[in-house]
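The following paragraphs guide the reader through part of a protein model. Please keep the sequence and the structure in view while reading.

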Amino acid sequence: MRSFDYTVQNALGIHARPAAILAQACTNFKSAVTIENSSGTAAGNNVLQILALHAAKGSILHFTIEGEDEEACEAAVREALKEAVPKDKPVRMLKVAFYGTKDYDRIFFNELSKDKGEGTYNVGITYFNSRLTEESVHLADGFDAVCIFVNDEAPRPVVQKLAAEGVRLILLRCAGFNNVDLDACREFGIVVLRVPAYSPYAVAEHAMAILQTANRRIMKAYNRVRDNDFALNGLLGVDLHNKVAGIMGTGRIGQIMATICKGYGMTVIGWDAYPNQKLVDEGLLTYVTKEELYEKADLISLHAPLVMGENGTYHLINDAAIARMKSGVMLVNTGRGGLIDTDALIRGLRAGKFHAVALDVYEGEDANVYTDHSEDMMQHSIAARLLSFPNLVLTSHQAFFTREALQAIAATTMENARNFNEGLPYGAAEVK
């Protein structure tokens, strides 16, 4: 165990920005970090608990670090604390129109945007419930930036109107950017910044959770037992042990999914437009062609970005790909809906090709995502058709939805806003 004391030097105390930087630093390590002062105790990886300490200038924080990577964790924590001291920079307020607001968005963004002045984010947020569309783009009039999510729409007409209304920055609170016309943004001088990574563990863990839910028919079993029915017919699953997992897209999320599959005792093969030899050298997976993956994999998990055009990943899973797959294959998609041709998938389901299908995303989901339609008649034919299959599990684009991920999304988005506002480098967040 390691411990040390830190005297707060910032005139504003441990306010939103240093708290976010500190929490994100702690999240990267296995060691548990505990912070104590006279106001209470906080977990080092929880920005809201750190802010609740109300650590003012001159107060003393006691840090305790315990775990297998204590030394590296302490070094990262000490480095993060250096950011608690404000730099002498001129400040101005960046006005942001925040589209598609949910209550859980406010939890973190409200806290991180409340402080104003030197060393803070200096972001003023106005929240709108509506998605960004051509009909709602007028709400951004007079703002410097818009903050949008995966189900917002920024094609050329929207981008053009944003530019006319004075918007100079699109803040994506997600990693994907297929919903933004980048050519139009370059033409109209709008910078696009994203969250390159938030919690890849959240997405990969959800992928395995819904895959096993579909494989073992958990939802059917749950509902059956609630009706006092304990029969097992229709609930037959398969072992994952000794099966072959095919990972399509071997970035951070794909790598974690591969590791999870390894933990199940699976053989892992992978496909990526840009193979990572390090993963082969480490023994995590073996790269194969797309065609070979389709033919060999018992489980196919999609983690590739959605890339349009020739040699892209749009409709990566189509009729031809499904025809090559094993009978009884399992398929899971937590990437982007457009990776799968839904009509081809439905044809495959009807033909009995799949043992299990698990989808967190599907093409054409935008009207449904994050919206409560429980009192409405189901209008969306795609969702209705998919839900008619007993071996398919569908969730509402929630793979990212963990506390750690929401915290990381808010912190990185606010850092992106600050970097734009103060003319600092964008790093990996910039979408070119």
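Which residue in β15 is the bridge partner of methionine 330? The partner is alanine 356. This is a predicted model, in which local features need pLDDT of at least 70, side-chain atom pairs count only at pLDDT 80 or more, and totals for chains, interfaces and linings use all residues. Residues are numbered from 1 along each chain as its sequence is written, and side-chain values use heavy atoms, with hydrogens and water left out.

Strand β14 spans residues 329-333 and pairs with β15 in the parallel sense over five bridges; pairing requires that DSSP find at least two bridges between two strands. Strands (E, at least two residues) and helices (H or I, at least four) are DSSP runs, numbered from the N terminus. Strand β15, residues 354-359, is mostly covered, with six of its six residues buried, that is, under 20% relative accessible area with a 1.4 Å probe and protein chains only.

Threonine 334 is found in the loop between β14 and α13 (342-350). Because its relative accessibility is 9%, threonine 334 counts as buried. Beyond its neighbours within four places in sequence, threonine 334 is in contact with residues including Val203, Ala207 and Asp360, where contact means heavy atoms within 4.5 Å.

Val203 and Ala207 also belong to the part of α7 that meets α9, where the residues met include Ile253, Ile256 and Ile260. By class, this contact of α7 with α9 has eleven nonpolar, no polar and two charged residues; Ala, Val, Leu, Ile, Met, Phe, Trp, Tyr, Cys and Pro count as nonpolar, Asp, Glu, Lys and Arg as charged, and the others, Gly among them, as polar.

Key:
Buried means under 20% relative accessible area, exposed over 50%, partly exposed in between (1.4 Å probe, protein chains only).
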